[in-house]
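Here's a quick tour for anyone meeting this structure for the first time. Have a look at the model, then read on.

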Amino acid sequence: EGLRYELRRRPGQLTLLDELVAAYERLGTPQPALDYLRQQAPSAPVLQMLAGLAKRAGDLDLALASWQRLFQDPAQLTPELAMRAAVLALLKGQAAQGLAWLEAAQAKLPPGSPDGPDFWRLTAQIAQGQQRDALAVQAYRQLLQSETPELGDFDALIRLLQTDLPLQAAEVALRAWQEHDQPRHLLLALN
């Protein structure tokens, strides 16, 4: 109650709001915090807080609705937030929505970003699931330019390229063989 009183005295204090949410979570009763957040002006920090708390409380519909409301302002769509929201959208069977957020956030991802590999991998995997092969290829190519491509990233890109662009698939297979020393990649490069 003390935090609520302080918030009435100083509305919009995000640190107090954060403390209120944390206090309810520590008590194991997030619902009053969710109700309180819903009553607040829908600013970007409040909507992010609401989305996070709703997800932790298991209210995935409210969490997804909060992300949707936040992203109505394109300036709020960052690669980090797009990844968090896209995973939730995927869980709710709305992969196309998650992929749209990832696509919109691509231009905001700085080169060499530590989030880059995870961002591109998630984009590629969701794009494949949505049968958006061109986008998946683009994302895997970006991923292979990072310092941490995994063997599975090479394999996925080879599979995507093999039918329509076999020479490019062979080039990727050759690089995979050079970096990971798997004989199957050498065989793919030679075929």
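Let's start with Asp153, which has a relative accessible area of 3% and so counts as buried, the cut-off being under 20%. Keep in mind that this is a predicted model. Where does Asp153 lie? You'll find Asp153 in helix H10, which covers residues 151-162. And what is Asp153 in contact with, once neighbours within four places in sequence are left aside? The list is Arg121, Tyr140, Leu143 and Leu144.

Now for the aromatic rings. Searching the whole structure turns up 3 aromatic pairs. Two of the pairs are set out here:

| Pair | Type | Centre to centre | Between the planes |
|---|---|---|---|
| Trp67 and Phe71 | stacked | 5.6 Å | 25° |
| Phe71 and Trp101 | edge-to-face | 5.1 Å | 70° |

Why does the pair of Phe71 and Trp101 tie together parts that are 30 residues apart in sequence? It's because Phe71 sits in the loop between helix H5 (60-70) and helix H6 (79-91), while Trp101 belongs to helix H7 (residues 95-105).

Are its members buried or exposed? Trp67 and Phe71 are both buried. For Phe71, the relative accessibility is 8%, so it counts as buried. Trp101 is buried too, its relative accessible area being 7%.

Definitions and conventions:
Residues are numbered from 1 along each chain as its sequence is written. This is a predicted model: local features need pLDDT of at least 70, side-chain atom pairs count only at pLDDT 80 or more; totals for chains, interfaces and linings use all residues. Side-chain values use heavy atoms; hydrogens and water are left out. Rings of Phe, Tyr and Trp (its six-membered ring) pair if their centres lie within 6.5 Å; planes under 30 degrees apart count as stacked, over 60 as edge-to-face and the rest as tilted. Buried means under 20% relative accessible area, exposed over 50%, partly exposed in between (1.4 Å probe, protein chains only). Helices (H or I, at least four residues) and strands (E, at least two) are DSSP runs, numbered from the N terminus. Contact means heavy atoms within 4.5 Å.
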